[in-house]
Amino acid sequence: MFPACRYSLQARRCVGALKAVQAEHVAPQVCSTRSSSSTLSRITTHYSVYPRDKDPRWEGVEMERFADEADVVIVGGGPAGLSAAIRLKQLASQHEKELRVCVVEKASQIGAHTLSGACLEPTALSELIPDWKERGAPLNTPVTEDKFSILTEKYRIPVPILPGLPMNNHGNYLVRLGHFVRWLGEQAEELGVELYPGYAASEVLFHEDGSVKGIATNDVGIAKDGSPKDVFERGMELHAKVTLFGEGCHGHLAKQLYKQFNLRGNCEPQTYAIGLKELWVIDEKKWCPGRTEHSVGWPLNRNTYGGSFLYHLNEGEPLVALGFVVGLDYTNPYLSPFREFQRWKHHPSIMSTLEGGNRIAYGARALNEGGFQSIPKLTFPGGMLIGCSPGFMNVPKIKGTHTAMKSGMLAAESAFSKITDENLQSETAGLYIPEYEEAFKKSWIWKELYSVRNIRPSFHNYFGLYGGMVYTGIFYWILRGKEPWTLKHNGLDADQLKPAKDCTPIEYPKPDGKISFDLLSSVALSGTNHDVPVAQNLAIYDVFLLHLEIETQSFSCVYEYVPLETGDGMRLQINAQNCVHCKTCDIKDPSQNINWVVPEGSGGPAYNGM
Amino acid sequence: CFAPFLCLRPPQIRVKPDRTGVVTDGVKHSMNPFCEIAVEEAVKLKEKKLVKEVVAVSCGPQQVQETIRTALAMGADRGIHVEVSGKDYETLGPLQVSKIFAALAKKEQADLIILGKQAIDDDCNQTGQMTAALLDWPTLAFSSEDVTLEADKLKVVREIDGGLETIKINLPAVVTADLRLNTPRYATLPNIMKAKKKKITNVKPADLGVDVSSRLEVLKVDEPPQRQSGVKVETVHDLVEKLKEAGRI
């Protein structure tokens with residue numbers, strides 16, 4: 001793994017030279033230079049960039065797909081998707097109706113791609129499954145201690161968490177979200193939901209009238225160069241009366257749907273953060289199950305949004321879940337969120353907990369921070385968006401699971417009444433269910449997100465973090481978010497990076513192998529695996545427009561600048577098999593040139609209770 | 001009749017804190033890759049109309065049913081789940097499994113048993129051979145090219161150290177599959193859905209008259225020792241000095 005700053009100069013010269021030939025960064029038509037450099041061509045083989053009907057290797061290949069019908073198809077087996085499935089089946093048995101609910105999930109097993117802190121507020125769970133305790137839900141660690149601090153390089157300044165502040169965690173549980181999602185999956189299967197882990201939804205299908213007809217799962221048996229192998233099999237089509245999309249933060253199908261139905265016409269663009277997490281087994285003497293610690297400040301400067309969490313879990317062994325979140329609107333291209341995370345662990349107050357311990361897991365995932373201002377239109381003919389895909393995270397609380405679950409439940413309730421209505425006359429073949437959006441606006445999710453809507457944008461001031469904290473203290477704690485104005489975000493995260501020449505490089509300390517680690521060994525811990533010959537889940541439109549800091553945008557060493565075989569200059573190498581599906585490259589790339597697409601199903605990280 | 005195993009898929013195996021084994025809770029279990037190849041071979045034989053029925057067998061706890069479903073999705077006709085769970089499952093080894101298979105083979109009147117040459121969790125490479133011994137059937141291990149029937153003898157090519165060996169054996173027989181035998185097909189979603197309708201019968205080892213208690217006791221499981229970092233030396237002289245220092249010469 002080459003540290004981005006060391007090679008940046010050479011790589012920059014290489015990209016700079018190419019840019020001088022090209023007029024301006026826009027459409028790929030300006031690509032007279034594309035054919036000249038063989039090392040830089042064909043960096044993607046995905047069919048969305050090189051269509052199959054023009055590719056001679058695909059001639060004569062059977063492209064017919066097997067299709068099946070369900071009442072509701074749910075894309076994504078996470079908290080939102082599973083809550084929706086459970087709610088649908090609960091209503092079906094309550095009203096004695098038959099309902100076929102299918103959930104497709106790209107992970108090889110339910111929970112394997114789930115990553116979160118996590119501190120769960122049990123409100124939505126208690127509404128969905130009131131007897132969750134008797135059913136053995138893995139909420140084993142109630143929060144007993146709550147600490148919030150501002151870190152400086154050597155010291156820790158505690159900040160009192162007054163009741164009423166969003167980061168007050170009384171009544172919540174520290175969970176391993178992957179295990180919780182797995183338990184939800186078991187509850188869903190008991191109710192008769194058809195769960196299909198290992199099958200990714202790769203395409204949205206449309207009726208002739210433009211409404212959503214369902215989804216198609218990915219084709220299997222494609223070689224790395226994009227040609228069909230002997231074992232090539234077409235994916236399957238799942239048709240439904242309504243399709244719920246719960247792909248999590250920055251879902252790739254949702255990305256298509258936003259354009260198709262113009263769902264983001266009336267809201268601000270979504271803004272994101274990247275969350276990095278590790279699980280450690282620590283020395284028993286340092287273990288205090290139920291202790292919740294959050295910090296802001298060092299090592300980030302006051303204008304870079306971010307902070308840390310450290311939760312002591314009560315799951316049999318002395319386990320802590322710790323992690324670091326960095327807002328993806330950071331401006332310095334030299335900033336590496338992964339290295340900030342590793343550096344943060346060396347703070348004296350954190351090191352004292354981790355010393356003598358052992359790291360057992362690593363993972364990363366983007367999360368949304370847009371909140372209220374970025375909520376798109378949630379329903380369209382034939383489908384609805386649920387969970388972190390549209391994005392309902394309460395940013396100051398750093399909790400999005402309870403709102404995701406509730407949104408799934410609301411979608412299920414509105415869908416159920418429409419589907420089972422025998423007198424329904426629908427204008428479109430796919431059902432259009434505006435009742436979901438109405439129910440959503442009347443629900444506690446809306447009220448909650450409205451009250452905290454100004455906290456995240458309040459960081460965009462000269463004093464950065466401190467200005468934001470003052471704002472939160474006055475307007476949230478005293479006024480509970482009732483101020484009449486709504487602050488705006490700063491625009492797309494992808495537009496925030498300043499040119500490298502205007503920023504100072506950051507000197508990161510080398511990982512010591514005991515507390516801090518390098519990226520490659522961390523990837524190994526995430527259990528990531530894709531069939532190497534078939535990993536092609538990054539469709540890159542124009543390789544010339546990829547920027548340098550891209551090395552820091554992957555949290556699993558996907559993008560690497562390696563020296564050219566001829567010796568002079570560098571070339572971009574994409575190690576797609578390392579991808580942990582965090583979606584950050586798709587979000588942060590300044591030229592918005594990267595389109596993340598699903599790999600063959602069941603590839604990706606193998607998180608166990610992250 | 002043949003048998004895919006339930007086994008651990010690497011990576012990231014951790015030793016349990018009490019040192020009695022590895023952590024299996026939450027780790028993805030899937031069909032042993034060599035057994036996948038065995039299933040594929042059996043399905044191919046059925047497609048060539050050389051066998052009438054393919055039965056997939058697996059021994060283990062409830063999760064094993066998923067693996068059997070995958071085999072059914074690949075083309076097996078029905079499944080048999082031999083229920084072994086808890087402590088018995090942790091100590092289940094090749095000897096117990098081969099006793100179970102031998103008993104099942106007699107009960108189902110199977111003519112051919114195909115299994116993977118070894119499981120990737122314990123790498124024992126014993127079950128196929130032991131099963132054949134218990135049944136007094138011929139074994140053909142490490143088959144690497146298509147299994148064919150020639151005048152009711154089984155003809156198979158197998159990989160040996162010196163090259164490839166072609167053998168004809170009488171039926172009934174046991175064949176174990178090696179890596180290059182075939183490329184298993186994907187269990188596509190429509191086939192998984194169809195497989196839900198195929199039958200899986202549950203059997204207990206006691207019903208087959210098999211005692212699954214182990215004759216082995218695991219005393220300790222440890223992680224391999226951390227690799228020590230090396231030292232680069234500049235000259236041959238330094239190398240000799242270092243070796244002398246370490247007492248090696």
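Contact, as the word is used in these exercises, means heavy atoms within 4.5 Å. The model is predicted, so that local features need pLDDT of at least 70 and side-chain atom pairs count only at pLDDT 80 or more, while totals for chains, interfaces and linings use all residues. Residues are numbered from 1 along each chain as its sequence is written, chains are lettered from A and ligands numbered from 1 in the order in which they are written, and side-chain values use heavy atoms, with hydrogens and water left out.

**Exercise 1. The interface**

Describe the contact between chain B and chain A by its residues, its buried area and its polar pairs.

Solution. Begin with the residues: chain B contributes 19 and chain A contributes 25. Next take the area, since the size of an interface is often given as the accessible area lost when the parts come together. Between chain B and chain A about 2000 Å² is buried (the accessible area, with a 1.4 Å probe, that two parts lose on being put together, summed over both), and carbon and sulfur atoms give 60% of this. On the side of chain B, the residues that lose the most area to chain A are B:Tyr186, B:Leu189 and B:Met193, which together account for 33% of what that side buries. The residues of chain B that touch chain A comprise 10 nonpolar, 4 polar and 5 charged, where Ala, Val, Leu, Ile, Met, Phe, Trp, Tyr, Cys and Pro count as nonpolar, Asp, Glu, Lys and Arg as charged, and the others, Gly among them, as polar. Finally, the count of salt bridges (a side-chain nitrogen of Lys or Arg within 4 Å of a carboxyl oxygen of Asp or Glu) between the two chains is 0, and 1 residue pair, both at pLDDT 80 or more, is in polar contact across the interface. A polar contact is a pair of N or O atoms within 3.5 Å; within protein, one must be able to donate a hydrogen and the other to accept it, and residues adjacent in sequence count only if both atoms are side-chain atoms.

**Exercise 2. The surroundings of A:His179**

Decide whether A:His179 is buried or exposed, and identify its contacts.

Solution. A:His179 belongs to helix 4 of chain A, residues 177-190; helices (H or I, at least four residues) and strands (E, at least two) are DSSP runs, numbered from the N terminus. Because its relative accessibility is 11%, A:His179 counts as buried, the term meaning under 20% relative accessible area, with exposed over 50% and partly exposed in between (1.4 Å probe, protein chains only). When neighbours within four places in sequence are left aside, A:His179 is in contact with A:Pro138, A:Glu315, A:Asn608 and A:Gly609. With A:Asn608 there is also a polar contact between the two side chains, at 3.0 Å.
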